[in-house]
Every structure is written in structure tokens, then in C-alpha cells.
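Take a walk through a protein chain, one stop at a time. Keep the structure open beside the text and find each residue as it comes up.

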Amino acid sequence: MSSKIEYIEVDSLGDSPISPDALELRQSADSMSEFDSEKTNRMLNKYCAKIDRRILVYAIVLCVLNQSDRGSIGVAKVVGLEKDLGMVNNDFNIAATLFTVGYLSLEVFSNFILKYVGASRLLPTLGVLWGLVCALQGVIRTKVQLYVMRLLLGMAECGFTAGILLILSFFYPKQRLTTRVGFFYLSSPLANVFSGPLASALSHINHPTIKRWQWVFILEGLITIVVAFLGYYVLQDHPEKCRFLSNEEKEFIVQYKRREGTLGGSQKLSMKDTKRALFDWQLWCMTLATFAACASCGSVSIFAPEVINELGFSPAQSQAMSALPSACGAITILLSGQIVRLCRSHWLAGSLSLATSLVGSILMISTLSIPLRILGLCLLGAGGFAGLGILPGWNITTNSQTVAHSAVASALTVFMGSGSGFVSSNVFLNWDAPRFVIGHSVNIAIMAMGICACIITRINMGRRNRRYERDGQVGFGNAANSFRYVY
């Protein structure tokens, strides 16, 4: 599908005369009839490589710590948290659920706050806050105190992931965004890969007053605080205000993103566009697929050590082996771009990833064979994290008509994904071990729902694109003639 994209002139970013390099960049942007010209691609590759090094790598590192701090309670459980705090029955599930309650409390509004405050100030502050709360979990003495700290931890982390997704949509062109979002979500399995062996090592620490599970919280929290402070110098609000980009690079990327209809960093939020995005049923349908992928990942992140422990392994072995399904997930996230290209569509690639998780849950529920259950966990991790590398990026990329649509899409993606924590935290019950029939049955149903959501979204996107082609416009802001849904 091809359509003529009308050029939209933009003003220079500064009052100084245009340098020869800037003139070359502008002439390149002016002269390209298609975005895939060799010269433009070369300049775009150079620009994206700089953003990768300066922003994406830091975002991945901080998100690894974010996921590790969030999931550290699963590791602490294996090394004595429940026993020391007198937790019985479903007390642990309550603590895990309260994190989700805090996380979702302001999630929908977080990107609107970020747009006004600025990513370079808000996101590092959130990192310092959740690192502090994580470390304070190491000094609690009762389960009620744990409940309070988990609620506060969720509130402190609220807005971080959605904020990162939003600023990535500001910096990267549409055709490069899905891959970068996938790399960003690589942080989730990496956190599990590192936290398992790390917690296994920490569990061997013998201290007269500090318990082993307390070391997990304290050290992970302190590391996060140090790394988060660096964000005040690394993170930028949007390309137009980016300190490490030259005027020439700013000029080029502003024109490029303006022509593809995705320049939103410096634009003001429109209430009309915001309402339109919030009431778009297709966007909500897309987030159901992300909900399913996150439910699979949450099962691996929080309960993999416990599931492996129930297979007869020691706590230390369980922590180390819990890295295996996450390692499989890390590999599939790295391959997610290849999976999309192989399937030649996002919806089919997302459906296949969820189907892989579905098969993993079927294996977990149908047998007590240790090799088959380990294989099931690996399939659960591989499929869930592959979906995490495909579906959120697809959602944000295809809903980029205006800055309001990007903000709503990224916020709802994280909101629905985090909402899966309500499910993951309450379906794997202690009395249901070792098969965990309820937990895996619920996962099977959720994966099936996610696959259906991908199929319905694909059908409706095709219908909408045909209508836009027939009518000649979309009707959303300046991108009315150029925007089409990508599926």
C-alpha cells in the first residue's frame, strides 16, 4: 500500500544561519519521495544509533532494576520471608496484589503528568523513590508493614514504563519504534535472569541480625537509587530539546517525523484527541493481547521459583533455575523483530507467541514430569516475553496519529499489562501445589482471549484502512493524509 505523503514545512529550530551540514540534511529530507532512500536511511541509522547509546541503553538498565525490585518479593519468599513475617494461607498473594493496586492508582494519568513535567525530571525521581521503598522493605518486621510497602512501591513505580514508552515514540520514527520497544522490554527477562542467581548468592550470606531475604531488598534498592540519579543527566524530554543532538540532527529528525505524522514531543495535548483515543474500542482490544502476554510473564517472574521449588529442588537451586525460562524469554525478545518479519505481520507474530505460552501452560497442568514441566515453564517464558517484544510496540506504533493517541496508547498498554498482576498474584495458590491447576487454567483462558484480540484487531484495521483509502483522509490532526494502521 502506498500513498503520496504531502510535505509539511517546519520552521528552523534556531535563529542562527543554517550550516552546510544542516542544509544537506534539509535538502535530503526535502528531496526524498519515499522514506527508504539510501541517503535518508544512512542519516537515520546514524541518528538512531546515537539515541540507542544515549537513551535506550540507560532505559533498559533502569528497567532491569525496576523489574528486579518488583519481582524481588518472589525470591524473598523462597528464602524465608513468609516464615519470618508469620504469613499464612494467601497472605503472600495479598502482598503481591497490593503492589498492583498502587501501580494502577495513577497509571492512566501518568503520561499527561510527564508531558507537563518532563521526562528528564519525572522519570529519575520515580527511580529514586521506588529504590528507596524497595530498600525499606528490608527493615520491616510484620506482614502489615509489608503490605504498606508493597502498596507504596507500586505507587512509586507508577508511570515509569509508560513514560519510557512515550519518550521512545517521541525520539524514534515509526518504522524503527517497534524494534526499540522490544529491546526495552528485554529488561524484564534480563531482570529475572540476573535476580535468580543474585538472590541465590545473597541467600548464603550469614549475618547475626539481617535476614537473607532482607539483603535481597536492601541491596537491590540501593543499586537502583544510584543508577536512577544518573537519569537526571541522561534522559531527555524530546528531540527538539535534546542536549546531545546537534542542530543538524534535530532539524533532520523533526522534518522526518513531521512528514510521517508522528512528531509529538513538542506538541500540546488535545482534549478532543484524548477523548477520541480513550473511547476507541480497537485500542482497548489491542491492549487485551498485551494483557495476555504480561500475564504469562508475570507467572514466570513471580512464581517460577516457587513452582520449581515444588518440583523438589532446594531453595538455592530454585532461585538459580528460575533464570532458565527468563533466559528463553530474553532470546525470543531478541528474535521478536525476526519473528515479525517472518510472519510478515504483527498480529500473526503476536498470536503465535501467545499460542506458545498456551502450550506451555497445558504442559504444566497436564503432567508432573520434571523435564516436561521445566519445558512448559520455558515455553511460558518464551511465548510471553516474545509477545512483550511484539505487542506493546505494535500498539504504540500503530496508534500514533497524534501525541494524545501516543500518550493514551502507551499508558493503556502499561495499565492493562500491569492489571494482569491482579490475575498472576491470585491464581497460583499454595494449596494448589504442585500442579497449580487454577493458575495454569486461567493462563490458558487468557492466552486464548489474547489470540482472539489479535485476530479481531487485524480485521478491523484492514477495514479502517480501506475506508481511509476510499475517503482520502483519517481525520486526525496534521497526519490526516499520511496515517495508516500497521498490522
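Start at L358, which counts as buried because its relative accessibility is 18%. Buried means under 20% relative accessible area, exposed means over 50%, and partly exposed lies in between, using a 1.4 Å probe and protein chains only. L358 sits in helix α18, residues 346-366. Helices (H or I, at least four residues) and strands (E, at least two) are DSSP runs, numbered from the N terminus. L358 is in contact with I444, M447 and A448, leaving aside neighbours within four places in sequence. Contact means heavy atoms within 4.5 Å. L358 and G376 are 18 residues apart in sequence, and their C-alpha atoms are 9.4 Å apart in space.

A word on the model itself. It is predicted, so local features need pLDDT of at least 70 and side-chain atom pairs count only at pLDDT 80 or more, while totals for chains, interfaces and linings use all residues. Residues are numbered from 1 along each chain as its sequence is written, and side-chain values use heavy atoms, with hydrogens and water left out.

Now step back to the whole chain. What does its secondary structure come to? The count is 21 helices and 0 strands. Of the 487 residues in the protein chain, 61% are buried. Take the contacts with a separation of 6 or more: residues 24 or more positions apart account for 81% of them. The chain exposes about 19,200 Å², and carbon and sulfur atoms supply 64% of that area. Accessible areas come from the Shrake-Rupley method with a 1.4 Å probe; for residues, only the protein chains shown count as cover.

Go inside next. The largest nonpolar core has 84 residues. Such a core is a set of buried Ala, Val, Leu, Ile, Met, Phe, Trp, Tyr and Cys residues joined through side-chain atoms within 4.5 Å. L81, L123 and F184 have the most contacts inside this core. Helix α2, residues 38-78, gives the largest share of it, 16 residues. Another core, of 23 residues, lies apart from it; M286, A293, F428 and Y485 are among its members. Return to F184. Not counting residues up to four places away in sequence, F184 touches L56, A59, I60, C63, T161, I164, L165 and L168.

Helix α6, residues 119-136, is the next stop. It has 18 residues and reaches 26 Å from its first C-alpha to its last, close to the 26 Å expected at 1.5 Å a residue. The expected span is 1.5 Å times one less than the number of residues. Is α6 largely enclosed or open? Of its 18 residues, 13 are buried, so α6 is largely enclosed by the rest of the structure. G221 lies in helix α11, residues 212-234. G221 is buried, because its relative accessibility is 0%. Leaving aside neighbours within four places, G221 is in contact with D69, G131, C134 and A135. The C-alpha atoms of G221 and V128 are separated by 8.9 Å, though the two are 93 residues apart along the chain.

Charges come next. Side chains of opposite charge can pair when their charged atoms come close. A salt bridge is a side-chain nitrogen of Lys or Arg within 4 Å of a carboxyl oxygen of Asp or Glu. By this rule there are 6 salt bridges. One of them joins R70 and E157, at 3.1 Å from N to O. R70 lies in helix α2 and E157 in helix α7, so the pair ties together parts 87 residues apart in sequence. E157 is buried, with 0% relative accessible area. D91 and K143 form a salt bridge too, with their closest N and O atoms 2.9 Å apart. This pair links helix α4 (residues 91-104) to helix α7, across 52 residues. D91 counts as buried at 10% relative accessibility, whereas K143 counts as partly exposed at 27%.

Finish at the surface. V101, V144, V148, L151, L152, M155 and F422 form a nonpolar patch with about 540 Å² of accessible area together. Patches are made of residues with over 30% relative accessible area and no salt bridge; like charges are joined within 9 Å, nonpolar side chains (Val, Leu, Ile, Met, Phe, Trp, Tyr) within 5 Å. Helix α7, residues 143-157, supplies the largest share of this patch, 5 residues. F422 belongs to helix α20, residues 403-427, and counts as partly exposed at 33% relative accessibility. S410 is also in helix α20, but S410 is buried, with 0% relative accessible area.
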